[in-house]
Amino acid sequence: MTCGSHACGHQRPVSTEARGLRMTGDRAVLRQGRGAARRGQRSRYEALVTEMKTSYRIAIRKWRTGMQGAAYELKYRDGRIKRLITAPRPRGPVSAAIFLHEVGHHAVGFRRYSNRVLEEFYVWQWAFREMTSRGISVDPRVLRHYRRSMLYYVRAAKHAGAAALPPEVQAFLEWPG
Ligand SMILES: [Zn+2]
């Protein structure tokens, strides 16, 4: 399952994340400190990827260079199931959110919700819980991506002729900026 712009749908684009410490004081010391901080962040995100791959038996089909991802479930005739995702490599809150959203499609399951918009909504809630429990900030950029993603699905549902939107997702009908 894939979807188009502004949403994961199992495929959605976003904005990129950049962060760093402010340059004040001794540059050499700061550079060192910044390097250590970056390495700390990097190993935290690497640990996240390893943990998710193991916990949910997911393979990374491809690391995306853009802020979009997809989740795939392949079924074979002998009953084997292969779970794949594409996502940006987690390096900050936004890429981690997208990565976890795609993992969330597998964690939540493709068939738990009959309503696609609701599925996206609850997969996002799953991703945010995972972020929060790991101390990864669900910051304004993450929330903006989330709202744009949900708007895409809500609009798609309306376009497809959905009579009524579930109450959980009615708040997403407006462009979040
Ligand atoms: Zn999705």
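These are my notebook entries on a predicted model of one protein.

**Ground rules**

I number residues from 1 along each chain, as its sequence is written. Since I'm working with a predicted model, local features need a pLDDT of at least 70 and side-chain atom pairs count only at pLDDT 80 or more, while totals for chains, interfaces and linings use all residues.

**Confidence**

I checked the pLDDT, the predictor's confidence in each residue on a scale from 0 to 100. The protein averages 83, and 82% of the residues score at least 70. Over residues 1-27 the pLDDT is below 50, though this stretch still has 64 contacts in the model beyond near neighbours in sequence. By contact I mean two residues whose C-beta atoms, placed from the backbone, lie within 7 Å.

**Overall layout**

I listed the helices (DSSP runs of H or I, at least four residues) and the strands (runs of E, at least two), numbering them from the N terminus. I find four helices and three strands. From the N terminus on, they run α-β-β-β-α-α-α.

I looked up burial next: a residue is buried with 20 or more other C-beta atoms within 10 Å of its own, exposed with 12 or fewer, and partly exposed in between, with C-beta atoms placed from the backbone. Buried residues make up 31% of the 177 residues. Of the contacts between residues at least 6 apart in sequence, 62% join residues at least 24 apart.

**The sheet**

In what order do the three strands form the sheet? I read S1-S3-S2, an open sheet with mixed pairing. Two strands count as paired if DSSP finds at least two bridges between them. Strand S1 (58-64) and S2 are at the edges with a single partner strand each, so one side of each has no neighbour in the sheet. The twist averages 20° from one strand to the next.

I went through the pairs one at a time. S1 and S3 run parallel and are joined by six bridges. In this pair Ile58 stands opposite Arg83 in S3, and Arg64 stands opposite Pro88. S2 and S3 run antiparallel, also with six bridges. Here Lys75 stands opposite Ile81 in S3. The hairpin of S2 and S3 has five residues between the strands, and Gly79 in it takes a positive phi near 95°.

Arg57 sits in the loop between helix H1 (27-56) and S1. Is Arg57 buried or exposed? It counts as exposed, because it has 11 C-beta neighbours inside 10 Å.

**Helix H2**

I found 14 of the 16 residues of H2 buried, so this helix is largely enclosed by the rest of the structure. Ala107 lies in H2 and is partly exposed, with 18 other C-beta atoms within 10 Å. Leaving aside neighbours within four places in sequence, Ala107 is in contact with Tyr56 and Trp126. I also looked at Ser55, which is 52 residues from Ala107 in sequence and 9.1 Å away in space, C-alpha to C-alpha. Gly109 follows H2 and has a positive phi near 100°.

**The core**

Which of its 28 residues touch the most other members? They are Ala97 and Leu100. Strand S2 (70-75), strand S3 (81-88), helix H2 (93-108), helix H3 (116-133) and helix H4 (140-159) each supply at least two residues of this core. Not counting residues up to four places away in sequence, Ala97 touches Ala127, Met131, Val142 and His145.

**Helix H4**

With 20 residues H4 should span 28 Å, and its end C-alpha atoms are 28 Å apart, which agrees. I listed its buried residues, among them Val142, His145, Tyr146, Met150, Tyr153 and Ala157. H2 and H3 are included in what covers them. After H4 comes Gly161, with a positive phi near 95°.

Technical notes. A nonpolar core is a set of buried Ala, Val, Leu, Ile, Met, Phe, Trp, Tyr and Cys residues joined through C-beta atoms within 7 Å. Axes are lines fitted to C-alpha atoms, for helices over the stretch in contact, and angles run from 0 to 180 degrees between N-to-C directions. The expected span of a helix is 1.5 Å times one less than its number of residues.
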